[in-house]
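Biologist: Could you take me through one part of this model in detail, looking at how its segments pack and which side chains link them? Please give the cut-off behind each term as you use it.

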Amino acid sequence: MNTLTTNPPGTMRLFAPFAAGSSSFGLQPNTMFDDSCRCHEATRTSRERIAAVAADTPRVTERARTALASCTGLDWEGNAASLFRDRIQSLRAPLDVHDDDAAATARMVEV
């Protein structure tokens, strides 16, 4: 038994196990390109939000890098100072990775 309706190209295929109009579940879903679907608005809003955050990421990570750089000039000696500087230094690479990930995400959102 074929339970898929035939739709014009560019529209979503609908699951229809009942005769047309007799579904006990109410109305069938809207087609893919129907403007009344809330999914399109949610997708657009999500893309805009992701793009905005991804675009702002370099500014935020640059502020973090500036803070890290200011820590290296502290007049402090001893084991604790060495450990502190090592840990500060270890934070630089993840910031670079984060910037790269944000840029890649921004590119994916534009697709």
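Modeller: Asp56 is partly exposed, with a relative accessible area of 31%, where partly exposed lies between buried (under 20% relative accessible area) and exposed (over 50%), computed with a 1.4 Å probe on protein chains only. This is a predicted model, in which local features need pLDDT of at least 70 and side-chain atom pairs count only at pLDDT 80 or more, while totals for chains, interfaces and linings use all residues. Residues are numbered from 1 along each chain as its sequence is written, and side-chain values use heavy atoms, with hydrogens and water left out.

Asp56 forms a salt bridge with Arg59, their closest N and O atoms being 2.8 Å apart; the term requires a side-chain nitrogen of Lys or Arg within 4 Å of a carboxyl oxygen of Asp or Glu. Both residues lie in helix α1, three residues apart, about one turn of the helix, helices being DSSP runs of H or I with at least four residues, numbered from the N terminus. Arg59 is likewise partly exposed, at 44% relative accessible area.

Elsewhere in helix α1, Arg44 forms a salt bridge with Glu41, with 2.3 Å between the closest N and O atoms, and these two are also three residues apart and separated by about one helical turn. Arg44 is partly exposed at 37%, as is Glu41 at 42%, and a network of salt bridges links Glu41, Arg44 and Glu48. In total, the structure holds five salt bridges.

The salt bridge between the side chains of Arg65 and Asp99 (3.0 Å, N to O) connects two helices: Arg65 lies in α1 and Asp99 in α3, so the pair ties together parts that are 34 residues apart in sequence. Arg65 counts as buried, at 17% relative accessibility, and Asp99 is buried as well, at 19%.

Two packed helices are described by the angle between their axes and the distance between the axes. Helix α1 (residues 38–72) and helix α3 (residues 92–110) pack at an angle of about 165°, with their axes 9 Å apart; the axes are lines fitted to C-alpha atoms over the stretch in contact, and angles run from 0 to 180 degrees between N-to-C directions. The two helices are therefore roughly antiparallel to each other, since angles over 145 degrees count as roughly antiparallel, those under 35 as roughly parallel, 65 to 115 as roughly perpendicular and the rest as oblique.

Among the residues that meet are Ala51, Ala54, Thr61, Arg65 and Leu68 in α1 and Leu95, His98, Asp99, Ala102 and Val109 in α3. By class, this contact of α1 with α3 has eleven nonpolar, five polar and five charged residues, with Ala, Val, Leu, Ile, Met, Phe, Trp, Tyr, Cys and Pro counted as nonpolar, Asp, Glu, Lys and Arg as charged, and the others, Gly among them, as polar. Thr61, which lies in helix α1, is buried with a relative accessible area of 4%, and it touches Leu95, His98 and Asp99, not counting residues up to four places away in sequence.

Helix α3 also packs with helix α2 (residues 79–90), at an angle of about 15° and with the axes 4 Å apart. These two helices, α2 and α3, are therefore roughly parallel to each other. Their contact is made by Ile88, Gln89 and Ser90 of α2 and Arg92, Ala93 and Pro94 of α3.

Notes: Contact means heavy atoms within 4.5 Å.
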